[in-house]
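Subject: Structure handover

Hello,

Here is the structure I promised to pass on. Please open it first, then read the notes below.

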Amino acid sequence: MSLTGNRFLILQTPPPRASFVSTPPFSRLPLKRASPGGATSSSAVAGCRVLSPTRCNTIVSTRRRLVPIRAIDSDIPHPIKEYEEWDSWTAKFSGGANGMLTGLLGNLSLLSYFAKKREKEAAVVQTLGVISTYVVLVQLTMAGAMPVQYFVATSAVVTVGLVLNCLFYFGKLGTTVWGLWEDFITVGGLSVLPQIMWSTFVPLVPNSILPGASAFVIAVAAVIMARTGKLSEEGVRFVGSLSGWTATLMFMWMPVSQMWTNFLNPENIKGLSPITMVLAMMGNGLMIPRALFIRDLMWFTGSMWATLFYGYGNILCLYMLNCTSKSFFAAATIGLISWIGLALWRDATAYGHNSPFRSLKELVFGP
C-alpha cells in the first residue's frame, strides 16, 4: 500500500482459508484445492453427499426371489420354520450393509461373484459401491486430479461391468461373453492386489511395478491354461474363484494398510471419526449371518475380517489414544460380541444343531 513520502506499507498475505465459498441460502460448494490431497478430500466429502443413507438402505422385496446357490451342499434335515425365517433375515441383513464400500475393481469382482450365486441383496450392495466410487472419480476428474484418459477408460470398464452383470443375472447373456468378463476381472484383480500390498510399505521398500507385472504374467498364464484344458477340474475351479478371493483380499488389506499408517504416524488416527468406524463395523457385520448361513467361506472371511480389524480395530486404536470415551468403546465391544453370538446361535437353530460351533465346522470343512 502506497503512503505519502515514498513510503510503503507491506501487508503479509494471510494463509489460505478452507476452500469453501458460501452461497445462499446455506450451501457450501467445494473449490479445487492446490494439492491433489486437497482435491481428493473435497471430492470425497462431496461424494459422500450423493447417496443418502435412506437410498442406500433400501431393501428390495424378497417375493419371487431367486434361490441362492450355496457354497456347499447339505443333505442334513433342518426345521423348516426357523430355517426359512433366518434365511429371510440374513438376506435383509446383507441388503442393508452399505458401509465402507471401496475399491472399484473389488466391487466389480464381488458384484460378478454374487450375481453368479444369485445373491440379489449382496449384488445390490456391490452395485452401490461401484456407483459411489464412480461418482467420486467423476468429481476428481472435474477438479483436475484425475487425467481424462484414465477417467474415460475407467468409465468404459464400469459401464461394461454393470451392463454385463445385469444381463447375466437376468439370464440374457451367453456363457462365452461372461467367461471373457470373468477372465478380465481375474487378471485385473491378481495384478492389482500385489501392487497395492507392495505400495503400502513404500518408502521402506523400493518403489517398483515388479510385483504387479509379475502377477499379471502369472494371471494371464493361469487363465490361458484353464481355458485351453491344461488344468485339472479342481484347477479350473480354483482359477474361477480367484476373482472373488482377490477382491476379498483387497478389502481385507484395507485395515492392514490403515494400521501400518497408524503405526508410522500415530497422530493421523486422531482424524478418524469414531462414528464412521462404528458404521464400518456395522456394515460389514451385517454380512456375517448371510455368509455363514449359505456356508460361503470367502464371504464370511472377508466380512469377519473387516468387522474385526477395520471397524473394531480402528475403534480400539482410537480408545487407546484417548480419542473416544470408555463408554463408547464398551458399547461397541458389547454390541459386536452380542451380534456375532446372535448370528451363531440363530444359524445353529435354523439348521437344527445343538452347538453353534457346528456351523463354523461346516463352514470350513463341509457337512
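This is a predicted model. The protein chain has an average pLDDT of 77, and 75% of the residues score at least 70. Among the elements of the chain, strand S3 (residues 20-23) has the lowest mean pLDDT, at 41. Helix H13 has the highest, at 95.

Two stretches need care. Residues 1-6 have a pLDDT below 50, and this stretch has seven contacts in the model beyond near neighbours in sequence. Residues 8-63 also stay under 50. For residues 8-63 the model has 53 contacts beyond four places in sequence. Where pLDDT is low, the predicted coordinates should not be read in detail.

Now the helix packing.

H4 and H5

Start with helix H4, residues 104-116, and helix H5, residues 120-142. Their axes come within 8 Å and cross at roughly 160 degrees. Angles over 145 degrees count as roughly antiparallel, so H4 and H5 are roughly antiparallel to each other. H4 passes H5 in a left-handed crossing. On the H4 side, the contact is made by Leu104, Asn107, Leu108, Leu110, Leu111, Phe114 and Ala115. H5 brings Ala122, Ala123, Gln126, Thr127, Gly129, Val130, Thr133 and Leu137. By class, the contact of H4 with H5 has ten nonpolar residues, five polar and no charged.

Look at the loop between H4 and H5 too. Arg118 is placed there. Arg118 is not a glycine, yet it has a positive phi of about 65 degrees. Is Arg118 buried, exposed or partly exposed? Its relative accessibility is 21%, so Arg118 counts as partly exposed.

H4 and H7

H4 also meets helix H7, residues 175-200. Here the axes come within 10 Å and cross at roughly 140 degrees. H4 and H7 are therefore oblique to each other. The crossing of H4 past H7 is left-handed. From H4, the contact takes in Leu105, Leu108, Ser109, Ser112 and Lys116. From H7 come Trp178, Trp181, Glu182, Ile185, Gly188, Gly189 and Val192. The residues of this contact divide into six nonpolar, four polar and two charged.

Leu108 is worth a click. It is listed in the contact of H4 with H5, and again in the contact of H4 with H7.

H6 and H7

Next, take H7 with helix H6. Their axes come within 11 Å and cross at roughly 135 degrees. H6 and H7 are therefore oblique to each other. The crossing of H6 and H7 is left-handed. Val157, Gly161, Leu164, Asn165 and Phe168 in H6 meet Val177, Trp178, Trp181 and Phe184 in H7. By class, the contact of H6 with H7 has seven nonpolar residues, two polar and no charged.

Trp178 and Trp181 of H7 are in the contact with H4. Trp178 and Trp181 also meet residues of H6.

Single residues

Thr154 is found in helix H6, residues 148-169. Its relative accessible area is 19%, and buried means under 20%, so Thr154 is buried. Which residues does Thr154 touch, not counting those up to four places away in sequence? They are Leu104, Leu137 and Met146. Leu104 of H4 and Leu137 of H5 are also in the contact of those two helices.

Ile269 lies in the loop between helix H9 (233-264) and helix H10 (274-285). Ile269 has 1% relative accessibility and counts as buried. Not counting residues up to four places away in sequence, Ile269 touches Asn262, Asn314, Cys317, Leu318 and Leu321. Ile269 and Gln258 are eleven residues apart in sequence. In space, they are 8.9 Å apart, C-alpha to C-alpha.

Asn322 is in the loop between helix H12 (297-320) and helix H13 (326-351). Asn322 has a positive phi of about 60 degrees, although it is not a glycine. Asn322 is exposed, with a relative accessible area of 69%.

Where to look again

For the helix packing, go back to H4, which crosses H5 at roughly 160 degrees and H7 at roughly 140 degrees. Leave residues 8-63 aside for detail, where pLDDT stays under 50.

Best wishes

Technical notes:
Residues are numbered from 1 along each chain as its sequence is written. This is a predicted model: local features need pLDDT of at least 70, side-chain atom pairs count only at pLDDT 80 or more; totals for chains, interfaces and linings use all residues. Side-chain values use heavy atoms; hydrogens and water are left out. Axes are lines fitted to C-alpha atoms, for helices over the stretch in contact, and angles run from 0 to 180 degrees between N-to-C directions. Helices (H or I, at least four residues) and strands (E, at least two) are DSSP runs, numbered from the N terminus. Angles under 35 degrees count as roughly parallel, over 145 as roughly antiparallel, 65 to 115 as roughly perpendicular and the rest as oblique. A crossing is left-handed if the near helix is turned anticlockwise from the far one by less than a right angle, and right-handed if clockwise. Contact means heavy atoms within 4.5 Å. Ala, Val, Leu, Ile, Met, Phe, Trp, Tyr, Cys and Pro count as nonpolar, Asp, Glu, Lys and Arg as charged, and the others, Gly among them, as polar. Buried means under 20% relative accessible area, exposed over 50%, partly exposed in between (1.4 Å probe, protein chains only). pLDDT is the predictor's confidence in each residue, from 0 to 100.
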